[in-house]
Amino acid sequence: MLLGRPTRFAGRPSPGAPARPLTRLAAGPLAAPLATGPLPAWLLARRSRRAPLVTSAHYDRTVPDCLFCGIAAGQIPATIVVDGKRTVAFRDLNPQAPTHVLVMPREHYANVAELAAAGDGRLDDLVTVAREVAEAEGIEATGYRIVFNTGQDAGQSVEHVHAHLLGGRPMNWPPG
């Protein structure tokens with residue numbers, strides 16, 4: 001649920017059923033789903049999660065050679081989990097946990113500090129979508145971690161802000 005904006009959750013239903021997106025509209029984090037009802041059980045409990053969904057659009061803040069800008073624009077394929085107006089979530093190619101999803105804004109911001117400085121609820125949207133993905137992946141009740149790497153020493157490998165949503169196994173502390 002993006003605040004007042006439609007969000008598509010993409011996934012693969014139980015074997016034999018066709019894949020279908022579910023659209024929800026929200027007025028806030030606790031908003032109820034549209035008349036289509038709550039998220040289907042296959043989406044909440046699924047573990048077979050390879051349902052590519054690619055979109056294309058033009059955004060004001062894009063960087064031509066940015067890998068994540070290309071994913072957001074639909075020019076580079078990815079396994080999309082959430083396709084929102086301002087936010088995209090997709091599966092990490094090198095997962096570090098059973099659930100490892102990257103959540104990023106469509107527009108280009110180099111790191112989380114730059115995103116926070118931009119204001120307009122962009123950072124809130126990112127964290128809200130991460131929580132929604134955790135719920136849809138069935139890891140909200142057991143716990144999950146949201147990580148932002150900022151800068152080379154922190155391990156940021158792509159200079160387009162993104163949150164790592166990690167869960168599905170016990171996490172150690174301290175990290176790294």
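Rings of Phe, Tyr and Trp (its six-membered ring) pair if their centres lie within 6.5 Å; planes under 30 degrees apart count as stacked, over 60 as edge-to-face and the rest as tilted. By this rule there is one aromatic pair. Phe68 and Phe90 form this edge-to-face pair, with 5.4 Å centre to centre and 80° between the planes. The pair links distant parts of the chain, 22 residues apart: Phe68 belongs to helix α2 (residues 67-72) and Phe90 to strand β4 (residues 87-91). Helices (H or I, at least four residues) and strands (E, at least two) are DSSP runs, numbered from the N terminus.

This is a predicted model, in which local features need pLDDT of at least 70, side-chain atom pairs count only at pLDDT 80 or more, and totals for chains, interfaces and linings use all residues. Residues are numbered from 1 along each chain as its sequence is written, and side-chain values use heavy atoms, with hydrogens and water left out.

Buried means under 20% relative accessible area, exposed over 50%, partly exposed in between (1.4 Å probe, protein chains only). Phe68 is buried at 5% relative accessibility, and Phe90 is buried at 4%.

The cysteines come next. A disulfide is a pair of cysteine sulfur atoms within 2.5 Å, and the structure holds zero disulfides. The sulfur of Cys66 is 3.7 Å from the closest cysteine sulfur, that of Cys69, and is therefore too far away for a bond. Cys66 is buried, with a relative accessible area of 10%; Cys69 is also buried, at 5%.
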